[in-house]
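Open the model in your viewer and keep the selection tool at hand. The stops below say what to pick next and what is there.

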Amino acid sequence: MSDFIPDIRAFCCHYTSQQTCAEENTLSNSGFPKNITLTRVVCTGKLQVSTLLKAFEEGADGVYVVGCPLDKCHNVKGSERAAKRVGAVKKALQELAVEAGRIEMFHQERGFHPEFIAVAQKMDKRIRAFGPSPFKGEEQ
Amino acid sequence: MIIAERKPVSEIVEMIRDCEKILVLGCRGCVTVCSAGGEREVEILASLLRLGMKKEGRAATVIEGTLMRQCDKEFIDSMDQWDGQYDAVVSMACGVGVNFIANLKPSTKVFPAVNTSFFGGSPVQGIWTEQCAGCGNCILHLTGGLCPVARCAKSLMNGPCGGSQDGKCEIHSEVACVWQLIHDRLERLDDKEQMLQVAPIRDWRTAGHGGPRLVNRDDLTV
């Protein structure tokens, strides 16, 4: 069994993913993987492609974004824009022969709910299966 | 404006295989407006090139810059600010920019990061359509402002051809027959008699068939 612990970065909408406001222990006690770093953003529509790529440059093995449902975005089209930008990064990863699944977009209802933990666990499981990021080069 | 689209990253990584210091150079002209090669796209491509080279275990540095334009000598001259920091330029400008760098920097390697596509416009965000072919002999005054050179698949001067059906071009059901549009528009403008004129055989020399073209404005040269 590999002892690989992935470095995963999650960018979460301030409005949708209110778990990002929770105490760290509260989250981990709910089953949220400790190897996921949360960044709360005012709106996922503010995320640029370069921000997502920078996370990989900084050593992330996987990246995901949690935003509002497409038809319930607090800023109308913010989460739709985010999904498009995640799509652009997926395409770029494919061009570099890297698993597109290393980045993902999730749309979730507003409030505290178990799905927030579920997608974190899903990404953790997926990235563990992929193994270390090929962008880490010699550091792997 | 000139419309361009970024090449696949893998293709660009391959171009710079032997380079160690790369300047990704954007342009604030057309390619900024069509989101292909402005400052934001430079940041994205530089990041992708760093990732791509790291994946291949290559040690290389990638720096970023954006010029006001890459199609004027004065701005190409300002590349001096990065002297010594690069051994190759990946230009995100249109093909004009790449040529200008090659013309004015004889010892500098320069590679194209975008495919220069056409002269066009954006009817809705994220979509660009071809509107002008830059043929050098504009006939839009005869065709209601709609260009058959760029927008007719056969560049017909007396259209439509027999392949036009229900206002669509025979090459694709989603492509409008521009000659249908021209006829409809001239009728709306009460100028359909214009369509009774038969256009003569066209001289294509102005469209580049006579070699590279030149505009020489004597009133502007000093």
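Start with P160(B), which sits in the loop between α6 (148-151) and α7 of chain B. This is a predicted model. Most peptide bonds are trans.

**Along helix α7**

Next select residues 178-188 of chain B, which form helix α7, and find L186(B) in that helix. Is L186(B) buried, exposed or partly exposed? L186(B) counts as partly exposed because it has 19 C-beta neighbours inside 10 Å, and a buried residue needs 20 or more. Now show its surroundings: leaving aside residues up to four places away in sequence, L186(B) touches G144(B), D191(B), K192(B), Q194(B) and M195(B). G144(B) is 42 residues from L186(B) in sequence, yet their C-alpha atoms are 5.9 Å apart.

Move on to D190(B), in the segment after α7 of chain B. D190(B) is not a glycine, but its phi is positive, about 55°. D190(B) is exposed because 7 other C-beta atoms lie within 10 Å.

Switch to chain A and select V76(A), in the loop between β3 (62-67) and α3 (78-95). Here too phi is positive in a residue other than glycine, near 70°. Most residues other than glycine have a negative phi. V76(A) is partly exposed, because 13 other C-beta atoms lie within 10 Å of its own.

**The nonpolar cores**

Select L52(A), I22(B), V24(B), V31(B), L45(B), L49(B) and M92(B): these have the most contacts inside the largest nonpolar core, which has 76 residues. Helix α3 of chain B (residues 39-55) supplies the largest share of this core, 8 residues. Center on L49(B), which touches I12(B), V13(B), I22(B), V24(B) and V62(B), not counting residues up to four places away in sequence.

A second core, separate and of 9 residues, is the last stop; select V149(B), C169(B), V178(B) and I182(B), which are among them. In soluble globular proteins, nonpolar side chains tend to be buried together.

Note on methods. Residues numbered from 1 in each chain as written. Chains lettered and ligands numbered in written order. Predicted model: local features only at pLDDT ≥ 70, side-chain atom pairs only at ≥ 80, totals over all residues. Core = buried A, V, L, I, M, F, W, Y, C linked by C-beta atoms within 7 Å. Buried ≥ 20, exposed ≤ 12 C-beta atoms within 10 Å, placed from the backbone. Helix = DSSP H or I, 4+ residues; strand = E, 2+ residues; numbered from the N terminus. Contact = placed C-beta atoms within 7 Å.
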